[in-house]
Amino acid sequence: MAQHEDMGLIPQPYQLKTESGHFKITGETGLVIGVHPDLAFETNYLAQQIEMKAGFKSKVVDSNLQQKNCIYLGYDDKLADPEEYTIRIDSDRIEIAGSGQRGIFYGIQTLVQLIWNTETEQGDITLPGLFIHDRPRFAYRALMLDPARHFLSVDDIKRYIDVMAMYKFNHLHLHLSDDQGWRVEIEKYPLLVQKGSFREETDGDGKPHSGYYKKDELKELVAYAQERYITIVPELDVPGHSVAALSAYPEFTCFPKALKVRTTPGVSKDLFCAGNDKTFTFLRDVISEMAEVFPSDKFHLGGDEAPLDHWKECSRCQEKIKEKGLIDEHGLMSYFFSEMNQILKEHNKRPLFWYELDVPQYPVGSTMYAWRGGLTPEVITKTRNEGFPLICSPGEHAYFDYPQARGEETCDWMAYLPLRQVYKFDPGYGLPANEQAHIIGVEATLWGEYIKDIDRAFYMTWPRGMALAEAGWSEMNNRDWQSFMKRLEPNLNRLHQQGVNFRMPDKLNKK
Ligand code: TNX
């Protein structure tokens, strides 16, 4: 373990052995690209990162493995997992191998961290001989941004993606609709952005916090993320958390009336009406336009915090319950989700849901999220029995909208979520392997009610995101809090150099 600690790697790799010798990266060291032209993005990425630290531009050389004084990127069929990689450093060369580009990209991320944790001598970087074999514990490692509550520009999100990639996150979940804002251009329903993306200014900062993404911008963002092996998972939160959409098209509520985009946090009783077939026509059209821009086979449908009062009072909803032989409004929720699932199937997509314990049936093929509420072990058992894959985003470890320390409260009900508490997260809750085999990953949620801009988003994410990255990637027996705190320093230095805002952990705060 001691050798692991000194390397400053986050997340901690699966296996690391130091070996004899060392390798010096200098201005003469070649980055070998000749044999694999399809690694051009990876090679340039590595060259840029070396330049940022060492100040020299690496030469990209067209050659093969025989060459000395080079960094060689290549494929290794023996590595099975698409994210798995090895790094070998000896006195002749550095070799990074993966079964595909994704693994090689992660190998580069690890090498760059090694470089950042090394003092440069007149620009040269001397790395110890070593061998790393690395692969993730979980396949799904995500962060969530909420531009619905406070709009974030495409450029802001790109910067956020850049840092995510450094910590081997592979999904960015975008919460694109909520009571406080609708953010996606939908050509068939122009009022969604014309009305739904604006709200009255209430933050007292003189900014309207309005905005939306054009389809081309989203396509560009998706491609930018994809180059960094990050899949964007869009969320259309229905049937609740939909006041912004319903303010534009109130005919899809149970009791049509003029609605305003909500300006305050909380839960609204205005839902999409499940008894009105036209609701599904509308949502089908919306999803078909969203499917054009988001190629991911995963599509988040929200499903959280939808009070059933209006469905209880609505004659169309009650007729639908009778017509379909449903038990009650909870059954109507199952019906609503199964209709939505049908729509997603037309686009070869599968739904993700915030798991609510009282929905009688979710569609087969869905993926669930364990979220706020401290019920995670119960949700793990229930979803296993019901046959659903599970992503863990528990409030007690992964709600990055919660304050990190006393004095940083934004509202009165949020719990504290200090770095240490994030680090304690074991997504499997110590359950036997067969009881946690359906857990596919982790996600931190950065709900945006109080996150007004990207600098605040960075501040709330880092370094807690590093602790979460390790919970998602590293085996429990490779994790250790003291070691993590040591490894944090070079990583925070790097964020500082890159102009990324973060919260300095109290223990490292030397002021
Ligand atoms: C609950 S967590 C919500 C969000 C809020 C969040 C604030 C979840 C699925 N729904 O709408 O933003 O609490 O922490």
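Predicted model: local features only at pLDDT ≥ 70, side-chain atom pairs only at ≥ 80, totals over all residues.
Now look over at Glu396. Gly373 and Glu396 are 23 residues apart along the chain, and their C-alpha atoms are separated by 7.8 Å.

You'll find Arg316 in helix H10 (residues 315-323). Arg316 has 15 other C-beta atoms within 10 Å, so it's partly exposed. Which residues does Arg316 touch, if we skip the neighbours within four places in sequence? Those are Cys273, Gly275 and Asn276. And if you click on Ala258, 58 residues away from Arg316 along the chain, the separation between the two C-alpha atoms is 20 Å.

One more of these: Gln48, in helix H2 (residues 40-54). Gln48 counts as exposed, because there are 12 C-beta neighbours inside 10 Å, and 12 or fewer is the cut-off for that word. Gln48 and Ser58 are ten residues apart along the chain, with 8.3 Å between their C-alpha atoms.

Right, let's zoom out to the domains. The protein chain is divided into domain 1 (2-134) and domain 2 (140-501). How far apart are the centres of domain 1 and domain 2? Taken over C-alpha atoms, it's 35 Å. The two domains do touch: 15 residues of domain 1 are in contact with 20 residues of domain 2. On the domain 1 side, the elements giving two or more residues to that contact are H1 and helix H3 (101-116). H3 gives the most there, with five residues. And if you sort the domain 1 side by class, you get eight nonpolar, five polar and two charged residues.

Now for the inside of the protein. In soluble globular proteins, nonpolar side chains tend to be buried together. Here, the largest nonpolar core has 147 residues. Which residues have the most contacts inside this core? They are Leu145, Met164, Leu172 and Leu446. The largest share of the core comes from H11, which puts in eight residues. Domain 1 and domain 2 each supply at least three residues to this core. Let's pick Met164 and see what's around it. Leaving aside neighbours within four places in sequence, Met164 is in contact with Leu143, Phe169, Leu172 and Ile230.

The axes of helix H8 (residues 277-293) and helix H11 (residues 329-345) come within 10 Å of each other, crossing at roughly 35 degrees. The crossing of H8 and H11 is right-handed. Which residues meet there? From H8 we have Phe280, Leu283, Arg284 and Ile287, and from H11 there's Glu339, Met340, Ile343 and Leu344. By class, this contact of H8 with H11 has six nonpolar and two charged residues, with no polar ones.

Most residues other than glycine have a negative phi, and most peptide bonds are trans.

Start with the peptide bonds. Ile10 and Pro11 are joined by a cis peptide bond, with omega at about -5 degrees. Pro11 lies in the loop between helix H1 (2-6) and strand S1 (15-25). The peptide bond from Val238 to Pro239 is cis too, with omega near -5 degrees. For Pro239, look in the loop between strand S13 (231-238) and helix H7 (243-248).

Then phi. Gln122 has a positive phi, near 45 degrees, and Gln122 is found in the loop between strand S7 (120-121) and strand S8 (124-134). Tyr229 has a positive phi as well, near 60 degrees, and its place is in the loop between helix H6 (215-227) and S13.

Which of these two is buried, and which is exposed? Gln122 is exposed, because it has 7 other C-beta atoms within 10 Å. Tyr229 has 23 C-beta neighbours inside 10 Å, so Tyr229 counts as buried.

Technical notes: Residues numbered from 1 in each chain as written. Axes fitted to C-alpha atoms, helices over the stretch in contact; angles between N-to-C directions. Helix = DSSP H or I, 4+ residues; strand = E, 2+ residues; numbered from the N terminus. Left-handed = near helix turned anticlockwise from the far one by under 90°. Contact = placed C-beta atoms within 7 Å. Nonpolar A, V, L, I, M, F, W, Y, C, P; charged D, E, K, R; others polar. Core = buried A, V, L, I, M, F, W, Y, C linked by C-beta atoms within 7 Å. Buried ≥ 20, exposed ≤ 12 C-beta atoms within 10 Å, placed from the backbone. Domains from an automatic or database assignment.
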